[in-house]
Structures are given as structure tokens and as C-alpha cells.
Amino acid sequence: MPVNANKPERWKSDTALSIDFYNKWFMHFAPETFRVARQEITVWVDQAIEHTANLVILSPTMLKQHPAVLKMLRMATAPPIARDRLSGLANVSRTLIETLENGKSPSAKAYGNLDDALARICDVIATLLDQDIFPWLAVSGQPTETDRLRAASIIADRLSGATADPIIRNAQERRQLATIQDFLEKRGYQKISMPQSLVLHEMRPDTFTFRHNVVVGTSHQIRIPIDALIWPHNLHHSRLPIFVEAKSAGDFTNTNKRRKEEAQKMTQLKLHYGEDLTYILFLNGYFDSGYLGYEAAEGIDWVWEHRIEDLLELGV
């Protein structure tokens, strides 16, 4: 029997409780999370500035050696430029920009005349560099330590602003998984490190694992990430663990935009492992009746973080 999907009479009140739960966490812990992340970004930006010899050396060679620096360089211009804007100004593909910012040195074979493309990127950045952030460039001098740290701090602010949502989302996911772990361990469960080669049927009862990639597909197999796998006290006749997807949201817009993703993932799982598979969402934040109704219609059930004891109804 479903835990919450078949109880629309309490969706509205649960949404309100979930929003309160999320907002309380955000007000108390998000500022600290953001501050720590900003400090880490500042250190990285300072190192990135060093890789460019204090913004003096912007060259294809430098980008090949330190490709991730491009993420900092986009925030060092006036105004800061998005990937798509840089792609248009430099006449390069967005894929090339993303490859660089992911810290990968691109293949010349994949991007044609790579040095020319990198040179165009460097030319755009050099032309748009924010002289107010890097005053030493105007006088062809070397920055003082204070100058460089001030510049790193400003760019870190810009980067932190651009990545605020992922920072908060990652912190929320860590907290949600910690909540699940605490609940399970209090009931005698053991967290295991599960190798990718282990077949799901080989999990032992009373165990769980996080962030495991499971195989789906027949002729063309792929791996899809699952936030948590829980093998309950009471063995399911399917002899499969419970598949848990941790979801948190700070507004209604993104949840309704992305609600199809869970349905697609469940379809892939059931095609591979069978209809008896148990797949649930672990929700916290802004999930309204529109989102919940869509998931329920797709056969997806959920447990709210503010009422985690609902996991017991699944045999946990």
C-alpha cells in the first residue's frame, strides 16, 4: 500500500510543514554553509590568479595547463559574462567552455584548430577584464598581497552568487542522507560500502548504502545514480532493496519543471528490475499538490523528512 501518494487529504498540510522545516534549516544553517563555501572558493580563486601570473598571462598554453581557470576568468570581466555570451563573443562552442571549466584539457581533434579557439577566448577575456578589480594591470606592476586577496574576494563573491543554489542543494542532500542514516542506525541498520560489482540481490538485510550507481537497460546498459538503497528488516518478495531519491527544493518553480525526471528514472528501474521494485522520494521543502499529484499519477510514493517514521510502513 502507498505511504503518502494515496492520501491527498493531507498533502496540503504536509507541504506547509515541509516548507516550515526547510525554511527553518535555511535560516539557521544556510548562511554558515554559504560562508564556508565562499572561503573555499576564495582560496581557489587566489590560486587561479596565480596560474595566470596575476592576469598577465592569458594564453592557449595557460588554458591547456589550467583549464578550470576559465571559470574564474569569466567572473573577472566587466560585466561578468555567462558561458553562452563568451561562446558567442569568441565564436567557440559552449561545449568547449564547459570542458575547460570542468578542469579537462580539450582534445585538438575534437575542436579543430584548438589553439585558435583558445586564443579567441583569451582575447575576449583580456579585452573585458575589470580594471577596477585588478588595478595593477593599468600600471604594468605586480599586485600587493592585499590587492590580490581583495581581487580574489570580489571574484569569489561573484562565483558564490552564481553557484549559491548548488551550494545550498548539496548541503541539503548531505543533511538529508545524514538524517536517513541516523534513523536507520538507531534501528540497528549498518551502513555498507557497496562495490559497483555487487548485485543488488546480494545486499544483506538491515544494511543500507548511499550514492550507488545501478545498472539499467538490456542491449545498451547504463548506470543511473540512486541516493540511497535500503534493505529492510522484512525482506520484500522482490528481493530488492528500497530505492530512495532525496529531493529538496527552496521554491515551487524548479520542482514542477523537473518532476518528470523521477518518473523517467522509475520507468528505467522497473523495466530492468521488475514491477515489484519499491522506489520512493524523500522530500523536504517546496513540493505542492501539483507536483505530488503528478508523482502519484506516475505511481511514485514519497516520505517526508519532517515525518521520516513513515519509512516504517515500508518494512524498514
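The following conversation discusses a predicted model of one protein chain.

Reader: What should I know about the model before using it?
Author: It is a predicted model, in which local features need pLDDT of at least 70 and side-chain atom pairs count only at pLDDT 80 or more, while totals for chains, interfaces and linings use all residues. Residues are numbered from 1 along each chain as its sequence is written, and side-chain values use heavy atoms, with hydrogens and water left out.

Reader: How many helices and strands does the protein chain have?
Author: There are 11 helices and six strands. These are DSSP runs numbered from the N terminus, with helices being H or I of at least four residues and strands E of at least two.

Reader: What box do the C-alpha atoms fill, and how much of the chain is buried?
Author: Along the principal axes, the C-alpha atoms fill a box of roughly 70 × 45 × 35 Å. Of the 316 residues, 46% count as buried, where buried means under 20% relative accessible area, exposed over 50%, and partly exposed in between (1.4 Å probe, protein chains only).

Reader: Which residues touch the most other members of the largest nonpolar core?
Author: They are Val 45, Met 72, Leu 73, Leu 86, Ile 121 and Phe 134, in a core of 39 residues. A nonpolar core is a set of buried Ala, Val, Leu, Ile, Met, Phe, Trp, Tyr and Cys residues joined through side-chain atoms within 4.5 Å.

Reader: Which helices supply at least two residues of this core?
Author: α1 (11-51), α2 (60-65), α3 (69-74), α4 (83-90), α5 (94-101), α6 (114-128) and α7 (145-162) each do. The largest share, seven residues, comes from α6. Apart from this core lies another, of 28 residues, among them Ala 5, Met 194, Leu 200 and Tyr 279.

Reader: What is Leu 86 in contact with?
Author: Leaving aside neighbours within four places in sequence, Leu 86 is in contact with Leu 70, Arg 74, Ile 81, Asn 91, Ile 97, Ile 121, Val 124 and Ile 125. Contact means heavy atoms within 4.5 Å.

Reader: How do α1 and α7 cross?
Author: Their axes come within 8 Å and cross at roughly 125°. The axes are lines fitted to C-alpha atoms, for helices over the stretch in contact, and angles run from 0 to 180 degrees between N-to-C directions. That angle makes α1 oblique to α7, given that angles under 35 degrees count as roughly parallel, over 145 as roughly antiparallel, 65 to 115 as roughly perpendicular and the rest as oblique.

Reader: Now Asp 14: is it buried or exposed?
Author: Asp 14 lies in helix α1 and counts as buried because its relative accessibility is 2%. Not counting residues up to four places away in sequence, Asp 14 touches Asn 4, Trp 304, His 306 and Arg 307. Its C-alpha atom is separated by 10.0 Å from that of Asn 284, 270 residues apart along the chain.

Reader: Which peptide bond is cis?
Author: The bond from Ala 78 to Pro 79 is cis, with omega near -5°. Pro 79 lies in the loop between α3 and α4.
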